[in-house]
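Hello,

Here is the structure for you to open next to this note. Please keep the sequence at hand as you read.

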Amino acid sequence: MQGHGHGTSRREFVGKMVQGAAVLHSVGLLARMAHGGLYEETLRVALVGCGGRGIGAAVNCFAVSGPVKIVALADVFEDQVRNAKAQLEARDKSKTDLPNDRLFWGLDAYKHAIDCDVDLVLIATPPGVRPKQYRYAIEKGRHVFMEKPLCTDVGGYRELVEVNKLADSKGLKVGVGLQRRHEPRYQETIKRIQDGAIGRILFLRCYWNMGNIWTKSRQPGDTELAYQLRNWQYFYYFGGDNITEQHIHNIDICNWVMNKHPVEANGMGGRQGRDRFPDMGMIFDHHAVEFTYDDGVKMFSQCRQMPDCWNIVAEFVHGTEGWADCSGRIWGRQEWQYRGPNPNPYDQEIIDLVAAIREDKPYNEGWFGATSSMTAVLGRIATYSGQVVRWDEAVAKAPPEVPELVSWDQKMPIMPDPDGTYRSSVAMPGVWKLF
């Protein structure tokens, strides 16, 4: 599978002082700053990862102030690229410029899109591969928006920390798809909690309980890698399990309330409903984790993907003088309910990032994105192993779990059983060990 346009020229970079530090920006970006400000000039965007969420992020760019164009697309699969091009042009052709030589597919397609003359890269690929793609974009001097989670293993977290530092040193802006951070109802509620509206925090609860999600059938000619990339959510090294891929939203809210991450986790989980279906990989379908912060405060976490069960997606904080639903309600001594505006948070997270780019303001959501991703990974390690897992020990000792993608024919860490399922690879608590 091979993309087109590999001869696209790369931007050159020049030195520039930002906040007293020498950083690199593209020649085109500096030139536009010198001619009336970036709000009057076109922001050129590359999309890496052309699935539903990637297309959605590209469409969200259409909501920003000032002109914007999607100018390059990349995905491992050609059909995804072609579909994204058609959908984006149908939505607003005036905001796309997608000739064939800026459409790329294959395992290294992301590099070719990032190498194009772009200001901003949207990364919406399977999360296991995001850290390396993030590094490539930052090394090339591009601003970045990444969907959550930012990693699926501890090795990815360690890389994120390194790249976040590099982004800061270059003055590059980084946005992360934890869109609740851009919702006024969450912003105001959490500010009130932190200002003491419910007294001293005693414990937190968070949930993402829902039914099953999509699967994609094995296509004729698919290698094992191709099949797993089509169904990346069902393999822990690509998707992180549902505690990392989805429940990170709720975990991130709790970390935001506490303004820090937990220091340890213990929990339990398993796979009960998924075994009724043959094509759901090897991940669990439920997790329950007790996270502990350094001051002893507990975060009680639940997530489940199982049909016909109790569903809830929410975050709650309990204190000495009341309790709060973080999405906009407080009960107790200071009862209150949010009644303000509710802008589209998926638009708003891109609007805020682009404003920071155009105004050259400090902006790096990669820090809390990495921390909350690692918190969810810590929970997965705890449920898979059945052990108490400490943050510092995991960061120091856990080996990388995400395979390097070098060939469509490569053997994957997890391969199907003779019956075509992956049941023998499901983690057994008390037996599974990472380090």
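This is a predicted model: local features need pLDDT of at least 70, side-chain atom pairs count only at pLDDT 80 or more; totals for chains, interfaces and linings use all residues.

Residues are numbered from 1 along each chain as its sequence is written, and side-chain values use heavy atoms, with hydrogens and water left out.

The parallel sheet

Helices (H or I, at least four residues) and strands (E, at least two) are DSSP runs, numbered from the N terminus. Two strands pair if DSSP finds at least two bridges between them. Six strands make an open sheet with parallel pairing. Their order is β5-β4-β3-β6-β7-β8. The edge strands are β5 (103-105) and β8, and each pairs on one side only. From one strand to the next, the twist averages 20°. Angles run from 0 to 180 degrees between N-to-C directions, and axes are lines fitted to C-alpha atoms, for helices over the stretch in contact.

Strand β4 (residues 68-75) pairs with β5 in the parallel sense over three bridges. There, L73 stands opposite L103 in β5. Helix α3 packs on this sheet and touches β4 and β5, at about 165° to the direction of β4. Helix α12 also packs on the sheet. It touches β3, β6, β7 and β8, and its direction makes about 170° with that of β7.

K85 sits in helix α3 (residues 78-92). Is K85 buried or exposed? Its relative accessibility is 18%, so K85 counts as buried. The cut-offs are under 20% relative accessible area for buried, over 50% for exposed, and partly exposed in between (1.4 Å probe, protein chains only). Contact means heavy atoms within 4.5 Å. Leaving aside neighbours within four places in sequence, K85 is in contact with L73, L98 and L103.

Helix α5 (residues 130-139) is mostly covered, with seven of its ten residues buried. These are R130, P131, Q133, Y134, Y136, A137 and I138. They pack against several elements, including α4 (109-115), β6 (120-123) and α6 (154-170). Just after α5, G141 takes a positive phi of about 80°.

The mixed sheet

A second open sheet has nine strands and mixed pairing. The order is β16-β15-β14-β13-β9-β12-β11-β10-β17. At the edges stand β16 (336-337) and β17 (389-390). Each has a single partner strand, so one side of each is left without a neighbour in the sheet.

Strands β10 (residues 264-270) and β11 (residues 286-292) pair in the antiparallel sense over seven bridges. In this pair, N266 stands opposite E290 in β11. Helix α11 (residues 248-258) lies across β9 (201-210), β11, β12 (298-305) and β13 (312-319), running at about 165° to β9. Helix α13 (residues 366-385) lies across β10, β11 and β17, at about 55° to β10.

Loops to look at

- K148 and P149 are joined by a cis peptide bond, with omega about -20°. P149 lies in the loop between β7 and α6.
- N259 is not a glycine, yet has a positive phi of about 60°. It lies in the loop between α11 and β10. N259 is exposed, with a relative accessible area of 67%.
- D360 is not a glycine either, and has a positive phi of about 55°. It is found in the loop between α12 (345-359) and α13.

Best wishes
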